[in-house]
Amino acid sequence: MASSFISSFNFSSYSTSVALFASLYSLYFLLISANVSGFESLLQLLPASASLRSKSESLFQVNDFGAAGDGITDDTKSFKDVWDMACSSPSHAKIVIPAGYSFLVRHINFAGPCRSKVSIRIAGTILAPKDPEVWDDLNPRKWLYFFRVKHLTVEGGGIINGMGQEWWARSCKVNRTNPCHHAPTALTFHKCNNLKIKNIKIFNSQQMHLAFTGCKHVTVSQLVVKAPGDSPNTDAIHISSSTQVNVKDCTIGTG
């Protein structure tokens, strides 16, 4: 029993703890000798990085901005409000779309430039409205549209679902008696630089799934892009007028 305990004991961790205790003990006597009291005075003696660490990232949860996440309630305003707050943050902003929720979002513009870097963690599901008539009097080519945003990361393992079935049914490529109309691209980045898009799933877009136009320094990885084989014009990734775009380790199966 004793030999087993000794063999599993972490002497490195023990030494580190002793050294930390000794440092705090020395700091305690330093405060006494300097006749310093109060927590604020203690903070002044700490390294600047320690006191600023909590301020290096600002966290924004969409639920805190009124998003219901029930797949029925329109959460567009909540998403727009959280973007406006994050984009205006002076420190690195992280938007969290939590797992276990489905957020119904209409066409929305995420416009830059932002004051600092922004990360969007999509762990839940973002749903488009099923009815194409929701886009009446709106640009029919756009759903989730990012414009002039720099140093943006989108990740999280969640799902963006374009709910494109009704769009496909009305397509002139499915039924030649239907008039030909434009349909939204699920996720568009226009004139955005230094992007990282990774580990998300994009399903059943109304038309194209993902597009980069006029972008620079883009890395796309670990995406899953899927739609039925007979879905019209559901191209996976479009890249135009862009430079230094790297697409790797993606799984694609679309119409």
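**Exercise 1.** Work out which hand the disulfide of C87 and C114 has, given the torsion about its S-S bond, and state where its two cysteines lie.

*Solution.* The torsion about the S-S bond of C87 and C114 is about -105°, so this disulfide (a pair of cysteine sulfur atoms within 2.5 Å) is left-handed. The pair links distant parts of the chain, 27 residues apart: C87 belongs to helix α5 (residues 76-87), while C114 sits in the loop between β5 (108-111) and β6 (118-122). Here helices (H or I, at least four residues) and strands (E, at least two) are DSSP runs, numbered from the N terminus. The sulfur atoms of C87 and C114 are 2.1 Å apart.

This is a predicted model, in which local features need pLDDT of at least 70 and side-chain atom pairs count only at pLDDT 80 or more, whereas totals for chains, interfaces and linings use all residues. Residues are numbered from 1 along each chain as its sequence is written, and side-chain values use heavy atoms, with hydrogens and water left out.

**Exercise 2.** Classify C172 and C180 as buried or exposed, and describe the bond that joins them.

*Solution.* Buried means under 20% relative accessible area, exposed over 50%, and partly exposed in between (1.4 Å probe, protein chains only). C172, at 17%, therefore counts as buried, whereas C180, at 58%, counts as exposed. Their S to S distance is 1.9 Å, and with 105° about the S-S bond the link is right-handed.

**Exercise 3.** Find the pattern that the disulfides follow along the protein chain.

*Solution.* A search of the whole structure finds two disulfides. With bonded cysteines counted along the chain, their pattern is 1-2, 3-4. C215 is in no disulfide, and the nearest cysteine sulfur, that of C192, is 5.0 Å away.
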